[in-house]
Amino acid sequence: AEYMGIQQAMESHQSEQNKNGELSTNSKMTLRAESTRRLPLPTSSDSIYRLYCFRWIVLISYFLAQFSSGSLYATYLPFSTYLTEIYGIPHVAVVMTGFAFNAVYPFSSLLIADRFILHFGIRKSFIVGIMGMIVCLWVRACLNVWIYFILVASFIGSFTDPLQGNIISKMATNWFDISEQVAATTIGSLATLLGSTVGSFYSLVFINTDIKDHDEARTMMLKATLYIALTFSILYILSIPFFWEKPAIPPCPSAILSEKEESIPIKQKILT
């Protein structure tokens, strides 16, 4: 009945166009409103939409990856004092590691991550992002070889983290009903905050402030970064197998509309 009503409205506006030669401004606005009207939510008897219990597994997989990303950067903070004392690098260089990530992240997020997600989908983007973050972890663990590997790791993270971080809204649309999408997005976003909290305390486990000898301190730093890299690499890898692109049957009308919008160029979306 909804589709028939829209069709009748379009036919009446078409006849008006035939009579007057062109649509009036009010007619154009009415036609646009009716053609973009949100359809009713499906009932339990509808077979065109379906909610899968697996959607919560997908959300947990995303939560695990974002938790690891939040922890990765938080574990670096307690080490910053040691970088100046043990390795003798300027304090400005220590600050630059965080600045490099924050400065590059917005550009990589808008110019690279969004295009990658659009062309390759959320699962491939998720996997590439995770692989990049694992590389970031192990590059940072090589700080005893060259201390500025920490800066290199920051640049790697700024390019790869948005590939997994920016898919939260698309993931919620693909798997969750309209009534659940806000909750799913919120849960996924809170993973980074929780990871930052846990990561700050996790790194303190390996720090011994009583160590004054530089060689012992370097060994402590190496042990800490290796354990951190191993722990969160495992968590990253565990999140991959159960993060799927989308279900066989969409959960709601917005999932279908989202698929259609994927073919629209980004410039056209912005201008229209």
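A cavity, as I use the word here, is a set of grid points where a 1.4 Å probe fits but cannot get out. The model is predicted.

**Cavity search.** I searched the whole structure and found 1 cavity of 30 Å³ or more. I noted about 40 Å³ of space in the largest cavity.

**Lining.** I then listed the residues that line the largest cavity: Tyr76, Leu83, Ile89, Ala93, Val94, Thr97, Ile147, Tyr148, Ile150 and Leu151. I sorted this lining by class and got 9 nonpolar residues, 1 polar residue and no charged ones. Which helices each supply at least two residues of the lining? They are α5 (91–140) and α6 (149–165). The largest share, 3 residues, comes from α5.

**Helix α5.** I looked at α5 again for its course. A straight helix of 50 residues would span 74 Å at 1.5 Å a residue, but I read only 18 Å between the end C-alpha atoms of α5. Where is the kink in α5 centred? I located it at glycine 121, with a bend of about 120 degrees.

**Helices α3 and α8.** I checked how α3 (residues 55–74) and α8 (residues 178–204) pass: their axes come within 6 Å and cross at roughly 35 degrees. I logged the crossing of α3 with α8 as right-handed. The residues of this contact divide into 12 nonpolar, 10 polar and 2 charged.

Key:
Residues are numbered from 1 along each chain as its sequence is written. This is a predicted model: local features need pLDDT of at least 70, side-chain atom pairs count only at pLDDT 80 or more; totals for chains, interfaces and linings use all residues. Side-chain values use heavy atoms; hydrogens and water are left out. On a 1 Å grid over the protein atoms alone, a cavity is a set of points where a 1.4 Å probe fits but cannot get out, and a pocket is an open set with protein on both sides within 12 Å along at least five of seven lines; lining residues have an atom within 4 Å of a point. Grid points are joined across faces, edges and corners, and a volume is the space filled by probe spheres set on the points. Helices (H or I, at least four residues) and strands (E, at least two) are DSSP runs, numbered from the N terminus. Ala, Val, Leu, Ile, Met, Phe, Trp, Tyr, Cys and Pro count as nonpolar, Asp, Glu, Lys and Arg as charged, and the others, Gly among them, as polar. Axes are lines fitted to C-alpha atoms, for helices over the stretch in contact, and angles run from 0 to 180 degrees between N-to-C directions. A crossing is left-handed if the near helix is turned anticlockwise from the far one by less than a right angle, and right-handed if clockwise. The expected span of a helix is 1.5 Å times one less than its number of residues. The bend at a residue is the angle between axes fitted to the seven residues ending there and the seven starting there.
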